[in-house]
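Hi,

Here is the structure I promised to pass on. Have a look at it first, and then read on for my notes on the side chains and helices.

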Amino acid sequence: MSTIDTQTDQETAEKLKSLELVQRLDSSPTGRFIYWAGVVFALVHIYFNTLSTVSELWVSAIHFGGFALLCALMVPMVRCKTDAGRHLTLLLDILLGSAAVFCAIYLIGFEDALYERGVKFAQLDWVFSICAIFISLEMARRTTGWFIPCMILVALTYVFWWGQYVDGIFGFPGLSLETLLFRSYFSSEGMFGQIARISWTYVFMFILFGAFLVKSGAGDFIIELSRCAAGRMVGGPGFVAVLGSGLMGSVSGSSVANTVSTGVITIPLMQKAGFPARFAAGVEAAASTGGQLMPPVMGAGAFIMASYTQIPYVDVIAVAALPALLYFLSVGFFVRVEAMRSQAHAVELETRPIGEVFRDGWHYLLPLVVLVSLLIYGFTPTYAAGIAIISVVVSSWLSKHPMGIKDVFDALAQGSKNMATTAMLLVAVGLVVNVVAMTGIGNTFSLMVAEWAGGSLLITIMLVALASLILGMGLPVTASYIVLATLSAPALYNLIAEMQLIDMMVSGTLPEIARTIFLLVDVDKAALLADPMSKLDAQQLLALVPGDFKGQLLEQAIDPARLAMILLSAHMIIFWLSQDSNVTPPVCLTAFAAAAIAKTPPMATGFTAWKIAKGLYIVPLLFAYTNFIGGTTMEVLSVFFFSVFGIYALVGFMEGYLESPLNLVLRVISGITGVAMLWPHGEWWISTLALLGFLALFIYSRFRLEEPEGSAVTTG
């Protein structure tokens with residue numbers, strides 16, 4: 001390798017390192033302690049999730065104390081250049097981590113004493129509750145920056161201090177500081193509440209499962225399989241990025257980690273094939289972002305959605321599969337179009353035949369089969385993940401490199417280290433969720449969003465998208481989703497449900513029991529419900545129903561299972577829109593990581609990734625306006641089928657290219673056919689005509705490509 005190549009590789013490594021947290025070396029005494037503490041703590045969590053009957057509040061406290069200690073030791077308080085400064089920082093970090101452990105021990109040891117005093121705080125109660133909150137703020141600062149700690153401080157002080165001075169709908173009379181500390185520290189509603197429980201159950205077990213898969217060699221198998229499957233076709237390296245990132249993301253659930261692990265292979269390959277460097281980086285960033293949409297992990301989103309909606313986890317990931325596939329297809333369409341335009345050629349990759357690769361690595365798929373099978377048979381996700389972890393070890397014995405005791409310890413330690421920053425983030429965000437529940441500000445915010453949107457579902461989605469982008473500048477995706485779901489999911493749910501209620505009124509199919517509520521509003525107009533009516537009349541009649549009765553009306557008119565799917569649709573919309581901060585400037589760490597590998601301008605790469613990731617905005621509209629979630633099998637497949645071609649047509653419109661260049665007229669036709677296939681008009685014949693029109697345009701574009709006088713692009 002030349003000196004120049006070595007220097008550029010070093011520069012790339014330095015850029016990627018600048019995006020990572022500053023961590024202590026694994027080879028140091030502290031690093032060795034972190035290793036063995038991680039092993040022990042992983043085993044403790046496995047016990048809690050399988051055999052333990054310990055109080056969930058106590059387990060959440062132990063989860064906080066242990067991971068706060070790991071996080072304090074892994075991520076220094078400040079970056080020091082001198083030995084004396086590093087030793088002092090280490091001492092402070094040890095003290096802070098130890099304080100977190102004592103906060104957990106105090107809660108377990110003195111919870112009963114607090115209730116015996118009639119929930120009257122003693123002096124130590126004040127000390128440990130304030131200390132626990134301070135530690136969670138500091139750990140959040142170390143791992144995600146200043147935004148989350150500042151947001152939490154604003155939320156907490158709103159409860160006991162400045163909320164009483166706010167006029168209007170956001171005014172709050174206030175609670176005492178003692179009440180706030182009790183509900184934040186001692187109760188199962190604050191930092192050790194629902195979000196913390198999700199952290200030590202679902203999230204930890206699946207992150208640990210991912211660590212075992214990677215350690216077993218499954219990650220290398222996924223990349224090699226992707227290269228074999230898509231590497232030799234035109235634009236193949238781009239499809240390798242899409243396929244590899246989707247498969248890796250289904251396990252890791254981290255977009256930045258996904259970009260770094262697969263991008264170092266796929267981005268140079270795409271450049272070698274003839275793709276522009278910025279486009280190659282944009283594809284990798286967009287595809288890696290989709291990793292958080294792909295079951296089973298979904299960046300912890302699936303677990304939180306299951307908890308929020310009370311819909312079984314297996315149902316959530318089943319519903320999420322086709323939309324995720326649609327997203328990756330949308331990225332693949334950009335790859336195909338750019339491959340034709342850039343005259344990208346096939347790259348001869350040094351890969352074995354796909355049959356040989358699959359024969360040597362088929363056993364890596366066994367843990368996923370075990371996991372899915374257990375979920376389908378009704379086992380809890382945590383139990384299924386635990387058995388799947390064991391199956392990773394057992395299945396590795398079928399390979400040339402079976403996992404031994406050292407490998408198992410490495411996977412346990414790595415799983416704990418991977419979890420440390422996520423655990424601290426989720427515990428801290430639990431404080432914000434608790435404030436929203438205590439003050440009722442979530443309902444207030446939902447009413448305000450509905451008022452701003454004027455009852456328009458589309459405008460509401462646009463407001464949520466804007467809020468997710470703003471929050472995403474300072475919050476990680478998971479935290480952004482939690483905050484937005486807490487605040488705006490009720491508004492989206494009500495609007496989607498009311499839209500379906502209006503459709504029933506228009507068609508005259510409103511159940512008899514639901515009509516009785518309209519009798520209380522206007523007897524004469526209620527009589528009109530027996531027959532079909534115009535959409536305007538239905539909207540005006542529904543507007544007469546008081547807000548207090550609308551919830552009851554929805555429950556009587558719409559099947560409970562359908563209402564559950566509407567609630568899931570609202571959460572899916574928010575979750576998908578929360579991903580846009582990964583690829584939308586000015587703060588888009590996934591695109592920045594890809595830019596560091598491709599050596600392209602970060603901002604320009606971010607805009608390219610944002611364009612390629614258009615599925616993040618199109619698919620949520622399908623959630624809102626179609627039966628893509630919760631419909632019958634035929635309805636879901638129909639939406640998926642026409643959406644595939646509709647998105648391809650929109651890509652042709654945006655790029656002005658399919659198999660060959662499109663002039664202005666053909667470009668507009670491509671856009672019209674795409675919109676017609678995606679538009680929720682409910683008329684299959686319109687979608688079919690639009691599909692035929694697009695196919696004719698595609699064939700014509702292909703025919704022009706093959707004309708002797710045309711472009712010299714070859715198909716490899």
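This is a predicted model: local features need pLDDT of at least 70, side-chain atom pairs count only at pLDDT 80 or more; totals for chains, interfaces and linings use all residues.

Residues are numbered from 1 along each chain as its sequence is written, and side-chain values use heavy atoms, with hydrogens and water left out.

Aromatic rings

The structure holds 34 aromatic pairs. Rings of Phe, Tyr and Trp (its six-membered ring) pair if their centres lie within 6.5 Å; planes under 30 degrees apart count as stacked, over 60 as edge-to-face and the rest as tilted. One of the pairs is Tyr106 with Phe110: the ring centres are 4.5 Å apart and the planes are at 20°, so this pair is stacked. Both residues belong to helix α4 (residues 83-116), 4 residues apart, which is about one helical turn. Helices here are DSSP runs (H or I, at least four residues; strands are E, at least two), numbered from the N terminus. Tyr106 is buried at 6% relative accessibility, while Phe110 is partly exposed at 41%.

Back to Tyr202 and Phe303, which are also stacked, 5.6 Å centre to centre with 20° between the planes. Tyr202 is in helix α8 (residues 194-216) and Phe303 in helix α13 (residues 301-309), so the pair ties together parts that are 101 residues apart in sequence.

There is an aromatic cluster to look at as well; among its members are Phe64, Tyr115, Trp126 and Phe192.

Two rings also have a charge over them, meaning that NZ of Lys or CZ of Arg is within 6 Å of the ring centre and within 35 degrees of the ring normal. The charged end of Lys614 sits over the ring of Trp610, 3.5 Å from its centre. For Arg141 over the ring of Trp146, the distance to the centre is 5.5 Å.

Salt bridges

Across the whole structure, the search finds 16 salt bridges, each a side-chain nitrogen of Lys or Arg within 4 Å of a carboxyl oxygen of Asp or Glu. Which residues are linked in a network of salt bridges? They are Asp93, Glu138, Arg141 and Arg142. Asp93 meets Arg142 at 2.8 Å, N to O, and this pair links helix α4 to helix α5 (residues 123-144), 49 residues apart. Glu138 bridges to Arg141, with the closest N and O atoms 2.8 Å apart, and also to Arg142, at 2.8 Å. Glu138 and Arg141 are 3 residues apart in α5, whereas Arg142 and Glu138 are 4 residues apart there. As for burial, Asp93 and Arg142 are both buried, Glu138 is buried at 11%, and Arg141 is buried at 18%.

Helix packing

The axes of helix α3 (residues 56-74) and α4 come within 8 Å and cross at roughly 175°. Axes are lines fitted to C-alpha atoms, for helices over the stretch in contact, and angles run from 0 to 180 degrees between N-to-C directions. That makes α3 roughly antiparallel to α4 (over 145 degrees; under 35 is roughly parallel, 65 to 115 roughly perpendicular and the rest oblique). Residues in contact (heavy atoms within 4.5 Å) include Trp58 and Phe64 of α3, and Asp93 and Cys103 of α4.

Cheers

Conventions: Buried means under 20% relative accessible area, exposed over 50%, partly exposed in between (1.4 Å probe, protein chains only).
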